[in-house]
Each structure stands twice: as structure tokens, then as C-alpha cells.
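Hello,

Here is the structure I promised to pass on. Please look through it first, then read my notes below.

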Amino acid sequence: MENRKHETLLATQWQMLLEAKNLRALKKLLSEANEVDVAGFMEELDAEKTVLVFRMLPKELASDVFANLETEDQQTVISAITDREVSELVEDLYVDDAVDMLEEMPANVVTRVLKSARPDTRKVINQFLNYPENSVGSIMTAEVIDLKKNMTVQQAISKVRAASEESESIYTCYVTDSRRVLEGVVTLRELLGAEDDRRVEELMSTDIITALTTEDQEEAVQRIMKYDFISLPVVDQEGRLVGVVTVDDVMDVMEEEATEDIEKMAAIVPTDKSYFQTGVVETWLHRIPWLLLLMVSATFTGTILGIFEDALAANAVLTLFIPMLMDTGGNSGSQASVTVIRAMSLGDVEFRDIFRVVWKELRVALLCAMTLGVVVYAKVIFLDRKGPLVALVVALTVIVTIILAKLVGCLLPMLAKRLGFDPAVMASPFITTVVDALSLLVYFAVATQLLGL
């Protein structure tokens, strides 16, 4: 809360200076500010003022601020500056930030940016753009410090010092041969704690955890989290070091994947745009496919009710408990599915664990079912004032429904992943629809046997 208040006060102060045209004082304050705060301030300005503020930023700060701007504001800045300024900006950006920017830009802007860049920079950017979407190669940072094993500690530290301005991460250094094949890893702490004349080869570890450029980005994130790394080296098919995935890349991927899963679990087609950047029609297009699909699938419940219409007419009391049974089943299935989907996303559960998962969820389901069955029986008898036979029908239905819902909730996501689908699509809305139909079938089957419908 205090940080938020501080950011608001800063933005208000900067806004007052900008409106008063006290640009000298504003420039001084901005040059001392955090790049994220400056970017947030600029995003609240109109296009003309956004460009004005960007132009007054010191060169060493401008690229960092630019990397934190929303795509629309980045495009505004690029459209307003000269080709020479575009070239300088691209050269100052880390390659992964430049690639992230270009992936969201219109084709004409991308063409202009690449044309303004130096040939070697353009080659690297094009290489990154050619990596598959959501692959490790598409998120890695190319600026990485590589040492040679015959270097002394003094030489290694000198190289780290010289490259510190251009490298996004200097705390872990990688040792490569003349072909850039990765041979070892050594931390800056180990270098600083060693004698100047010791060789890097004596300090480096050859037990290296890496990621391939073509691997899915989630796998790299899981690896970094598992080993508590601050960076992960990325190699090509021949084992050559081509980049590194850093903690800030991990945070971006985690946010992106979490947002995507939440949208899929809510039956929405995922989008990379923020809420206000997505237009009304585009939002409608993202939501309507799943709504149509779920509406069609929900007709099964209507069909089941239609089949037992006469039975319901003769025993109208049964209708009172249908919403409760469907909600209980849907909630039980959602609990199991969300738990399993999360475990799968963290790498805790694989398809080979399917029988262990089913066995655990079955035991949990039995405990939940028996507890709710007893509570429901008492509720129907004492609160709803219905007969013991009706209470038994409802209680048995709750028990069977919960067991089925838990099993469906844990199995569908695992089967979906096995078939190559995103497990998140099997979350709440879809599972709820399936369980609703099952709960009605169980309800009428039990009622038929006990009440003689």
C-alpha cells in the first residue's frame, strides 16, 4: 500500500511539472527515478506528451523505460523518432526485449525497426523471431558472459566487469570452448572469493543443467524453479551456448501462462492483450465460442429432465433438490480438476501417476461424500421436513455424485494432456457440464429404485 501511495505521489508531482512546462525540473526528477515508475507515468499521457517525456530521458534510462512500456506506447514513440534514434534505441535494448516489442508491432513498424538496426543486430533479432512461439529460444536473452577455462580469475573478473553494461545477468558465468560449446558454469561469488592466479577450470562445475532452444518455455521455468537458479543456460542441438533465461523472463512466462490458464478455465479464448486493449468485438469473439459449446452440451441436462418429466410431475418434491445436487457435483469436480491441473503445471504430476491420483482422489471423495451425505440427510429431514425415503434418495445421490465428480475432475485434465490438449480447457465449465448430466442420471436412477418412479 505504501509503495502504491509513493508511486501516485511521484506521478502527481511529475504531472504538475509537465503541465507547468517546468521541463528542466521534470527531467532531473525523471533521470533519478525507477524506469518502471517512469513507464507507468508515460502510459497515462497522451501521444504527444508521451513522446515529449521520452525525448527528455537520459540515453541510459530511455531504453529501460521503453522496454517497460505497453505496445501501443512503444509504437507511438517509434513513430515519432528518427531512424537514427530508432537504431540507437534497438542497439540499447536487450535482444529479448527488442524481440518482445517486434512480435506485437504491425508489419510496417517491424520493417522500419529492422531496417534501422545494424546488420549484426538484425541477424540476431531475426534468429530470435524464427524460434517457435512459446519456445525457450523465443524468451531467452542473447547477452551472456562466456569465459574460457584457461583464463585466470583476474582475467575472468576483468571480462565480467567489461561486459557488465551489456549483459542482463552477470551473477552466473558460463565457460565455453572455441566453438561456444558449453563446458562449465561458475558464479561471480566463486570468482570473487578465489585467488587471482587460479584458473577458471579449477572453479567451474561441469554438472550443468541446460535448456534447448526448441523446448517449451514452461519446461525451462519449471527447471529454474526446481533448482532455484537465477538463470538457465540455453544451448542449441550441438550443445553451443546461445543465450540464457533469466528470472525476469521466468516471471513474464509465469504471468502469461497463469493468465492463459485462468482464461481457459473460465471458458475464454486466451489473448495476449490487456483488458482495455481488447475491443468489445474482440472480447465477444473470445467468449462466444465456448459459450455456444457449453450451451449445446448443457442440452443434455435438459434432455434428461425431459425423459423424466412425468416422474417429476408425479413427485414434484424431487425438483426442489436438483439445483443443490448439480451445484454440489460441479463444485466437487472443480476442486479435483483445479488441484490436478495445478500439480501438472508445477511438474508434480505426470500421466504415469494417473493411478496414484485416482486412488488419492477416490479416498478424498469417499470422505467428502460420506460427510455431505450425512449432512444432507439431516437437512432434508429436519429443515425441509420431507420423509426419510426422500432424504435417503437425496443423500445417496450426493454420495455417488461426489465420487463420480471427483474421478471425472482428476481424470479429464490428465487425459487431455495425454492427447495433446491443454488441461486447463477441462476445468470448471466443461467438467461442471459433464457432472451436471451425471448427477441427474444418478438422481433419477436412485429415485426410480427407492420411490418406484
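A crossing of two helices is left-handed if the near helix is turned anticlockwise from the far one by less than a right angle, and right-handed if clockwise. Helices (H or I, at least four residues) and strands (E, at least two) are DSSP runs, numbered from the N terminus. The crossing of H19 and H21 is right-handed.

Some ground rules. This is a predicted model, in which local features need pLDDT of at least 70 and side-chain atom pairs pLDDT 80 or more, while totals for chains, interfaces and linings use all residues. Residues are numbered from 1 along each chain as its sequence is written, and side-chain values use heavy atoms, without hydrogens and water.

**The helix pair**

H19 spans residues 322-345 and H21 spans 388-418; their axes come within 8 Å and cross at roughly 30°. Axes are lines fitted to C-alpha atoms, for helices over the stretch in contact, with angles from 0 to 180 degrees between N-to-C directions. Residues of H19 that meet H21 include Met324, Gly329 and Val340. On the H21 side, Val394, Ala405 and Lys417 are among them. Contact means heavy atoms within 4.5 Å.

**Salt bridges**

The count comes to 19 salt bridges. The rule is a side-chain nitrogen of Lys or Arg within 4 Å of a carboxyl oxygen of Asp or Glu.

Asp92 pairs with Lys59, with the closest N and O atoms 3.0 Å apart. Asp92 is in H7 and Lys59 in H5, so the bridge ties together parts 33 residues apart in sequence. Asp92 is partly exposed, at 30% relative accessible area (buried means under 20%, exposed over 50%, partly exposed in between; 1.4 Å probe, protein chains only).

Lys159 and Asp146 meet at 3.8 Å, N to O. Lys159 lies in H12 and Asp146 in strand E1, 13 residues apart. Lys159 is partly exposed at 29%, whereas Asp146 is buried at 10%.

Arg179 bridges to Glu238 at 3.7 Å. This pair links the loop between E2 and E3 to the loop between E5 and E6.

Arg180 is not a glycine, yet has a positive phi of about 70°. Arg180 sits in the loop between E2 and E3. Asp228 also has a positive phi, about 55°. Its loop runs between H15 and E5, and Asp228 is exposed at 67%.

Best wishes
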